[in-house]
Amino acid sequence: MSDSSQRRIALVDVNSFFASCERVFDPKLMGKPVVVLSNNDGCVVARSSEAKALGVAMGVPWFKISAWAPSVGLVARSSNYELYGDLSARVMSILQEFSAAVEVYSIDEAFLELTGTPEELLATGHRIKEAIQTRLGLPVCVGIGRSKTQAKLANAGAKKSAGMNGVCNLDMFSAEKLDFIMAALPVDNLWGIARRLSKRLAAQGIHTIKDLRDADPVRIKKKFGVVVQRSVYELRGIDCIKLEGERLVKNQVMYSRSFATPVTTRKQMEEVLAVYAQRVSKRLRKQGSVAGALTCFAGTSRFANEPFHSPYVNAVFSIPTNDPVEILKASSSVLLNRIEEGRKYVRAGILLHDVSPKESHQYLDLFTPVHERRQLGETLDKVMEKHGAFSIGLGAAGFKSAREWEMKREMLSLRATTRWDELATVYAK
Ligand SMILES: [Mg+2]
């Protein structure tokens, strides 16, 4: 490899991902302000750039702006996670064509390892952007740098400055120009630097990204710890945060939903938890991991007249597990006692912590719960795959019909890539 051909890291990020997915099968939304709502059509969870320009805030409850929306042409969609998840998988598989090392960082972002001269890398960035645009109809920006932190910074640059046409390679800038850019950006714009931390950094005279890059790493480690020290090195182009492959298991797995109609009894809540335990444990098994602890919670509405009530319980497993029975027991045993009959609960969730790959644990068979040895979870998954989601269930979840507390999604777009009966219709003139 010649000296000018270097290994670099690219960050590919879909612009306004949820809103862009909605536009793929509904081109009328192109150029219009679009928002996507949380489960049960509650709050705004994603905005197109046009919606941002209108001043629609993230998290604003839909009922507060729905009357105003038509006057400005604002369109809302229920969240269609099936569509987003499928399009996300397609983006990631296109990215695999460009690099053997792809780390899926979030639903719409991935880091890739690329090799080439600065000009070649810039050209590759444009090819990635065009491939995703023409094959999926999704707009992306590509940022390229010597480290993940630099790639994040480059991606932000590509998004902000229209002149770059969606791709920014930091290597294309002179040292002076790079200094100028970094000096213009406040330090809390940097990946991994929280606003809270930026106040403490300011007290040390570190205000901009350039200030942090040029700070003394030893002093930084003493004052702020190894994570911030790593940012200093990363900004200098020393790659410290390694790309994590497909085996990466994120540290938390959550299953949480709002109900279509409030849950008011312990018995109903027991059903909810049985279903959620099954679903969250399925996610764990799918990624081949186990959880060491969980938080289970339920909540009434924050917008109701009655006082807000949100009981929760934390539990630690003696042995990390993905067994639905263990997860259900840990979730319901204490939480159900804290549910007050007659109150209107509008959501519940199970959050698994300390998630790690299953094979990283070697424990004595003696400690494995009996149902786990019998692979109960896997069996449930298989039956549901074959006979549908309501065919089998644990305890209170084991009955057939859809439940009345399940989600309401009145403005749902077509799940056009995963359901035969919801394929998009094309009219030719
Ligand atoms: Mg994005």
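Reply: Donors are taken as N, O and S atoms within 2.8 Å of the metal, or 3.2 Å for Na, K and Ca; water is not among the atoms, so a site may look incomplete. The model is predicted: local features need pLDDT of at least 70, side-chain atom pairs count only at pLDDT 80 or more, and totals for chains, interfaces and linings use all residues. Residues are numbered from 1 along each chain as its sequence is written, and side-chain values use heavy atoms, with hydrogens and water left out.

The magnesium ion has three residues as its donors: Asp13 through OD, Val14 through O and Asp108 through OD, at 2.1 to 2.3 Å. Along the chain these donors follow the spacing D-V-x93-D. Val14 belongs to strand S1 (residues 6-14), while Asp108 sits in the loop between strand S5 (102-106) and strand S6 (109-116), so that distant parts of the chain, 94 residues apart, are linked. Helices (H or I, at least four residues) and strands (E, at least two) are DSSP runs, numbered from the N terminus. Val14 counts as buried because its relative accessibility is 2%. Asp108 is also buried, with a relative accessible area of 14%. Buried means under 20% relative accessible area, exposed over 50%, and partly exposed in between, with a 1.4 Å probe and protein chains only.

Next come the aromatic rings. Rings of Phe, Tyr and Trp (its six-membered ring) pair if their centres lie within 6.5 Å; planes under 30 degrees apart are stacked, over 60 edge-to-face, and the rest tilted. Five aromatic pairs are found by this rule. In one of them, Phe17 and Phe18 are tilted, with 5.8 Å from centre to centre and 55 degrees between the planes. Phe17 and Phe18 are both buried. Phe111 and Trp191 form a pair with centres 5.6 Å apart and planes at 50 degrees, so that pair is tilted too. Since Phe111 is in strand S6 and Trp191 in the loop between helix H8 (175-184) and helix H9 (195-203), the pair ties together parts that are 80 residues apart in sequence. Phe111 counts as buried, at 0% relative accessibility. Ring pairs also join Phe17, Phe18 and Tyr84 into a cluster.

Now the nonpolar cores. A nonpolar core is a set of buried Ala, Val, Leu, Ile, Met, Phe, Trp, Tyr and Cys residues joined through side-chain atoms within 4.5 Å. The largest has 32 residues, and Met269, Tyr276, Leu294, Ile327, Ile350 and Leu352 have the most contacts inside it. Two or more of its residues come from each of strand S9 (253-263), helix H13 (266-286), strand S10 (289-300), strand S11 (312-321), helix H14 (324-338) and strand S12 (345-353). H13 gives the most to this core, nine residues. Apart from it lies another core, with 29 residues, including Val12, Phe17, Ile94 and Val140.

Leaving aside residues up to four places away in sequence, Tyr276 touches Tyr255, Arg257, Phe259, Ala348, Gly349, Ile350 and Trp405. Ala348 lies in strand S12 and counts as buried at 0% relative accessibility.

Another buried position is Cys168, with a relative accessible area of 4%, in strand S8 (residues 167-169). Not counting residues up to four places away, Cys168 touches Val142, Gly143, Ile144, Ala154, Ala158 and Phe173.

For the whole protein chain, there are 16 helices and 13 strands. Of its 429 residues, 47% count as buried. Among its contacts with a separation of 6 or more, 68% are between residues 24 or more positions apart.

Conventions:
Contact means heavy atoms within 4.5 Å.
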